[in-house]
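Work through the exercises below with the model open. Each task is followed by a solution in steps.

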Amino acid sequence: MTSCYVPRRYIMILFSHFGFFIVYALRVNLSVVLVAMVNSTYANVDNSDPECRSTDTNVTAAEYNGGEFNWNQNQQGIILSSFFYGYLLTQVPGGWLSMKFGGKIVLGLGVLGTCVLTILTPLAARTSIYWLIVVRVLEGFGE
């Protein structure tokens, strides 16, 4: 009878693959969902550009104005970029922490922290735009 032995490095490769998959999915999720979160009649007040005017008469698209948040284009840009401020600031400290504690622990805690903060994102968005920005910066720290 032979046992199935898988070297630990292959298991680590598999976990790293799924960890990075989750991290990249968490990074872009708000970029995709923001379209549905923002009320488009409020966010797109300036329709002077003829290329931006819709000539489509699709009833579904015409009736849907978007979500509950009245954030303009500048606020949306700040929300989306706030993630990268935290991400940028932790590149060197993340490498130092990985050298000191190991990559498994740093990657695991970073993914866990980012997941928890992503779960808190709707609560932060409904509380205040400022709390949402803080949560997004902290997500950047985690990644």
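**Exercise 1. Aromatic pairs**

Task: Classify F69 and W71 as buried or exposed, then describe the geometry of their rings.

Solution. F69 and W71 are both buried. The structure is a predicted model, and a search of the whole of it finds four aromatic pairs. One of them joins F69 and W71: the ring centres lie 4.5 Å apart with 10° between the planes, and the pair is stacked. Planes under 30 degrees apart count as stacked.

A further pair is formed by F83 and F84, with 5.0 Å from centre to centre and 85° between the planes, which is edge-to-face. The burial of these two residues is assigned separately. F83 has a relative accessible area of 0% and is therefore buried. F84, at 43% relative accessibility, counts as partly exposed. Together with Y87, F83 and F84 make up one aromatic cluster.

**Exercise 2. Salt bridges**

Task: State how many salt bridges there are, and work out which parts of the chain each one connects.

Solution. The count comes to three salt bridges.

1. R27 and E143 meet through their side chains, at 3.4 Å from N to O. R27 belongs to helix α1 (residues 8-37) and E143 to the segment after α7 (129-142), so this pair ties together parts that are 116 residues apart in sequence. R27 counts as buried at 13% relative accessibility, and E143 counts as buried at 18%.
2. The side chains of E68 and R126 meet at 3.2 Å, N to O. E68 is in the loop between α3 and α4, while R126 is in helix α6, so the bridge ties together parts that are 58 residues apart in sequence. R126 has 55% relative accessibility and so counts as exposed.
3. In the bridge between E139 and R136, the closest N and O atoms are 3.0 Å apart. Both residues lie in helix α7, and because they are three residues apart, about one helical turn separates them. E139 counts as buried at 0% relative accessibility; R136 counts as buried at 2%.

**Exercise 3. Surroundings of G67**

Task: Locate G67 in the fold and list the residues that G67 touches, leaving out those up to four places away in sequence.

Solution. G67 sits in the loop between α3 (59-63) and α4 (73-89). With that sequence limit applied, G67 touches A36, M37, V38 and N39. The C-alpha atoms of G67 and S40 are 7.7 Å apart, although 27 residues separate the two in sequence.

**Exercise 4. A nonpolar surface patch**

Task: Which helix gives the most to the nonpolar patch?

Solution. The patch on the surface consists of W96, L97, F101, I105, L109, L112, V116, L120 and L123, and their accessible area together is about 900 Å². Helices α5 (91-101) and α6 (103-127) each supply at least two of its residues. The most comes from α6, with six residues. W96 lies in helix α5; this residue counts as exposed because its relative accessibility is 53%.

**Exercise 5. Annotated spans**

Task: Compare the UniProt annotation "transmembrane region" with the secondary structure of the model.

Solution. According to the unreviewed UniProt entry, the annotation covers residues 12-38, 78-98 and 105-133. Residues 12-38 are 96% helix and 0% strand, and the end C-alpha atoms of this span lie 40 Å apart. For residues 78-98 the figures are 95% helix and 0% strand, with 30 Å between the end C-alpha atoms.

Definitions and conventions:
Residues numbered from 1 in each chain as written. Predicted model: local features only at pLDDT ≥ 70, side-chain atom pairs only at ≥ 80, totals over all residues. Heavy atoms only, no water. Helix = DSSP H or I, 4+ residues; strand = E, 2+ residues; numbered from the N terminus. Contact = heavy atoms within 4.5 Å. Patch = residues over 30% accessible without salt bridge, like charges linked within 9 Å, V, L, I, M, F, W, Y side chains within 5 Å. Areas by Shrake-Rupley, 256 points an atom, 1.4 Å probe, with all protein chains shown as cover. Salt bridge = Lys/Arg side-chain N within 4 Å of Asp/Glu carboxyl O. Buried < 20%, exposed > 50% of the residue type's maximum accessible area, 1.4 Å probe, protein only. UniProt positions renumbered as here; feature names shortened; annotations may be inferred. Phe/Tyr/Trp six-rings, centres within 6.5 Å; stacked < 30°, edge-to-face > 60°.
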